[in-house]
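Hi everyone, thanks for coming. Let me put the structure up, and then I'll walk you through it.

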Amino acid sequence: MKLCQSSKWIQIGVIAAVSAIAMPQTFAQDAGTRVAVVNSEKVFNESNLAKAMQTRLQNEFTKRQNDLRDSAQKIKSAAEKLDRDAAVMNEADRIRRQRELADQDRELQRKQREFTEDLNQRTFEERAKIAEKANSVLKQIAEQRKIDVIVQEAAYVSPKSDITDDVIKALNSQK
């Protein structure tokens, strides 16, 4: 008798699980919900706005990056020279040069952190501008095609649901 009751509960559980899985699909089909997917990283990498952003950032930060690279090379050369000359230097000069190198290295690290923070901040600002324009384009596409939901970064996307290329084309055609 207990076995019979247990199997009824198992059957009820299986039916409930199948219903829970099938219900959202049924409602989505009944409502005629249209879903599209966009790959935002592709938009941020391949649109003309993104390419222009990369050029602007490169122009803005190349000089600082080269200066940092030159400073690092100078410190490295000075450290190698100190290693070669350390055996023939007196103790006070060696310690003084070691401290100078350590100070220069700390200053270089500080400048590198500032550079990275500034680059990240500017990249964020530029990406926000692109995102604003992309969202406007997404809204237009959704209204034109009567799309109810646009999802970013789905695990699987059917090519017919992917509107990324259309978004890029629309962004590229904007002035």
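**A buried arginine and its surroundings**

So, let's start with R122, which is buried, with a relative accessible area of 18%. Buried here means under 20% relative accessible area, exposed means over 50%, and partly exposed is in between, using a 1.4 Å probe and protein chains only. Salt bridges that share partners join R122 into one network with R56, E60, E125, E126 and K129. By salt bridge I mean a side-chain nitrogen of Lys or Arg within 4 Å of a carboxyl oxygen of Asp or Glu.

Before I go on, a word on what you're looking at: this is a predicted model, where local features need pLDDT of at least 70 and side-chain atom pairs count only at pLDDT 80 or more, while totals for chains, interfaces and linings use all residues. Residues are numbered from 1 along each chain as its sequence is written, and side-chain values use heavy atoms, with hydrogens and water left out.

Back to R122, which is found in helix α4. Helices are DSSP runs of H or I with at least four residues, strands are runs of E with at least two, and both are numbered from the N terminus. E125 is partly exposed, at 32% relative accessibility.

What does R122 touch, leaving aside its neighbours within four places in sequence? That would be L57, E60 and F61, where contact means heavy atoms within 4.5 Å.

Now the helices themselves. α3 covers residues 48-85 and α4 covers residues 91-145, and they pack at about 170 degrees with axes 10 Å apart. The residues of that contact divide into 16 nonpolar, six polar and 14 charged.

The structure holds 17 salt bridges. In α3, K63 and D67 lie four residues apart, about one turn of the helix, and their side chains meet at 3.1 Å, N to O. K63 is exposed at 58% relative accessibility, whereas D67 is partly exposed at 36%. Over in α4, E114 and R110 are also four residues apart, with a bridge of 2.5 Å, N to O.

Zooming out, the chain has five helices and two strands, and along the sequence the pattern reads α-β-α-α-α-β-α. Buried residues make up 19% of the 175 residues.

Notes: Axes are lines fitted to C-alpha atoms, for helices over the stretch in contact, and angles run from 0 to 180 degrees between N-to-C directions. Ala, Val, Leu, Ile, Met, Phe, Trp, Tyr, Cys and Pro count as nonpolar, Asp, Glu, Lys and Arg as charged, and the others, Gly among them, as polar.
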